[in-house]
Each structure stands twice: as structure tokens, then as C-alpha cells.
Amino acid sequence: MPGLAATEQEKVWLVRRVARALNRRVTDIVALLFSHKGAGSLGAVAGFAIAVVFAWKFLRPRRPAPKRPPPTPAAAPAATVPDAAEPIGDSGKVVTREIVVKRLRGCRKVTCQLLGVVFEEKTPEELQEHATIRPSVVELLLEISRYCDLYLMETVLDDKSEENALMALEASGLFRTGGLMKEKVLFCSTEVGRTSFVRQLESDFHIDTNLDIVSQLSRFIRCQLFISTVEGEQLAGNIFNSPSLEQFFS
């Protein structure tokens, strides 16, 4: 039958056209089929063609996905720099904020005598001639001043003694950081005056070499440090004893 043969030839021709167009988009193939109006069974051929296209899309080998470069390892976080730590004393030990806080037991206002604690000189008469700051206490005092409200005080005999004391403190660099200022260095003419200073300032922690002053203040001051090389002194429970300021904070 010539009509039937022609129809079969048209189907074969359409399938070949579809095969050649497999790399085109599905929408283009469908448009091609609908544009061929002479096909005998247009719906069946279109369904067959779409099935072939989808089968080809699912069965064709997939291109391997491009490999992503391995992630760059995150940079290690910078090491946390601890609080300033500087050697103190002859032992080479260090003082840190943690040690200061622990030793001061939470006290935030500290008063400290100069002679025999900060200065090498131990008497007001020596201070009239010169003032020599102990190098080992400089960093310690700076650390205390960063954490606390620190006041230095001394009993002096004349204005020259005050001048010597201030010059030595300034030369050591204690006034450069802003924690300790000249206005926080107090002078008086009697031991009673030093005791009065401590009480008026409402100090939490006082440091002194005079046992009488320390004993009188024990009822009013939370904690005290008595600097003395003599052991066996009868002290109140809130008074600590140490040969030097550096050893107490070591």
C-alpha cells in the first residue's frame, strides 16, 4: 500500500531528524515535530521522540563535576598575649595581673610607704641626702597601679626630702603610664600623719615597715602587709609579713 509505505518512511525520516537534534533543547525538537504537518500520527511520533530525548538525557554519561580546590586551612588564631609580666627581684620570677589580684585579695585601693619598701633608703635622714628606687619594684608597682588605686606616702623632714623622692620616682618611669601620678604621692611630718592619711583615704590594703602603725590600723584596714626581716612578730589575722614587697608578690 503506497500510502502506508509513505507514512512509515515519514516516521523513519522524523526519527532520524530527532536523533540528529538530540543535542538541541527539548523545546526545539517539539517545535520541529509540530511544524511537520504531514505526519500520519503526529501525537504518537512526538511522544516517541520526547521519550527518546529524556532517555538520552538520563542515560548519557555525566561529565564529572570539576574538582574544587581543597579548602585553604584557616589561619591559626593569634596567640593570646597574657597580661604584662616582668621579672622582679633577684630570683627572676615574674609578676602578673593574676598574682597581684590574688595577693591583694580583691582590694582596690592600696597605700604604700616609700622608705624600706620602694626606696633603698630606710630612714628620713637618708632621704634628705638622696633617694634610690629599688629597680625590682618598678614593674610591680606599675602592675598594682593598673589594677588598683595606688597611693605612695612617706614621713619626711624637709622639702628637700620630698624633692628627692619625687625625682627618683619620676626617673624610674612610674609616672609615665598614668596609673600613678605625682598627686598620689603624699608627704607628712609625723608617723601619726601617715596613719591619718591611710584612714582618710579609706585604704583597703596598706603596706608599711612600722609595726606600731600597722597595729593601730589593723582595726580599720581590711588587709595590711608588714615589711620586716624579723620573724616571730605577733600580728593580727589581717596582717601579712614579708621581708620585701617583691617576695610577697612572687
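Residues are numbered from 1 along each chain as its sequence is written. Because the model is predicted, local features need pLDDT of at least 70 and side-chain atom pairs count only at pLDDT 80 or more, while totals for chains, interfaces and linings use all residues; side-chain values use heavy atoms, with hydrogens and water left out.

**Exercise 1.** Find how far apart the closest N and O atoms of glutamate 143 and arginine 97 are, and state which helices hold the two residues.

Solution. 
1. A salt bridge is a side-chain nitrogen of Lys or Arg within 4 Å of a carboxyl oxygen of Asp or Glu.
2. For glutamate 143 and arginine 97 the closest N and O atoms are 2.9 Å apart, and the pair forms a salt bridge.
3. Glutamate 143 lies in helix 6 (residues 135-147) and arginine 97 in helix 4 (residues 97-104), so the bridge ties together parts 46 residues apart in sequence. Helices here are DSSP runs of H or I with at least four residues, numbered from the N terminus.

**Exercise 2.** Classify glutamate 191 and arginine 194 as buried or exposed or in between.

Solution. 
1. Buried means under 20% relative accessible area, exposed over 50%, and partly exposed in between (1.4 Å probe, protein chains only).
2. Glutamate 191 has 35% and is partly exposed, whereas arginine 194 has 1% and is buried.
3. The two residues form a salt bridge with closest N and O atoms 2.6 Å apart.
4. Both lie in helix 8 (residues 191-201), 3 residues apart, so about one helical turn separates them.
5. Glu191 and Arg194 also belong to a network of salt bridges with Glu154 and Asp208.
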